[in-house]
Amino acid sequence: MENQREGASSTRPSFLNGTNYSLWKSRMKIYLGSTDRKIWSSVVNGWTPPTLTDVAGVIIELPDDKWTTTQELSCQYNDKALYAIFSAIDVSQQLHIIHCKSAKEA
């Protein structure tokens, strides 16, 4: 019988070892949902930075200082989900998702 290498923690997500994706995904859903349901929702629904259309008709990212409270919260939920995902994978896996802006993409 294989020894269990990690225990349940409310402060640390389950670790993905490369062979346990289905279990890891279920545990991450519970972990993120228990932290805040909107964090898991950001993984499911995705997140994109707020944008605006300039006078020339070009779509550009809205500067952070122009974000609404709702847009800031949405970004925070995404950031928390991304942090949890990065904390739950090894460095070689992190290199595959390092440029992802959204937890869903990661």
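## Fold and overall form

Along the sequence, the chain runs through the pattern α-α-β-β-α-α. The model is a predicted one, in which local features need pLDDT of at least 70 and side-chain atom pairs count only at pLDDT 80 or more, while totals for chains, interfaces and linings use all residues. Residues are numbered from 1 along each chain as its sequence is written, and side-chain values use heavy atoms, with hydrogens and water left out.

In total there are four helices and two strands, taken as DSSP runs numbered from the N terminus (helices: H or I, at least four residues; strands: E, at least two). The chain is more spread out than a compact globule, because its radius of gyration is 17 Å, well over the 13 Å that the globule rule gives for 106 residues. That radius is taken over C-alpha atoms, and the rule is 2.2 Å times the number of residues to the power 0.38. The C-alpha trace spans about 65 × 25 × 20 Å along its principal axes.

## Burial and core

Of the 106 residues, 30% count as buried, meaning under 20% relative accessible area with a 1.4 Å probe, protein chains only.

The largest nonpolar core has 18 residues, and Trp24, Met28, Leu32, Val43, Ala81 and Ala103 touch the most other members. Such a core is a set of buried Ala, Val, Leu, Ile, Met, Phe, Trp, Tyr and Cys residues joined through side-chain atoms within 4.5 Å. Helices H1 (21–35), H2 (37–45) and H3 (69–87) each supply at least two of its residues; H3 gives the most, with five.

## Contacts

Leaving aside residues up to four places away in sequence, Ala103 touches Val43, Asn78, Ala81, Leu82 and Ile85. Contact means heavy atoms within 4.5 Å.

Note on methods. Buried < 20%, exposed > 50% of the residue type's maximum accessible area, 1.4 Å probe, protein only.
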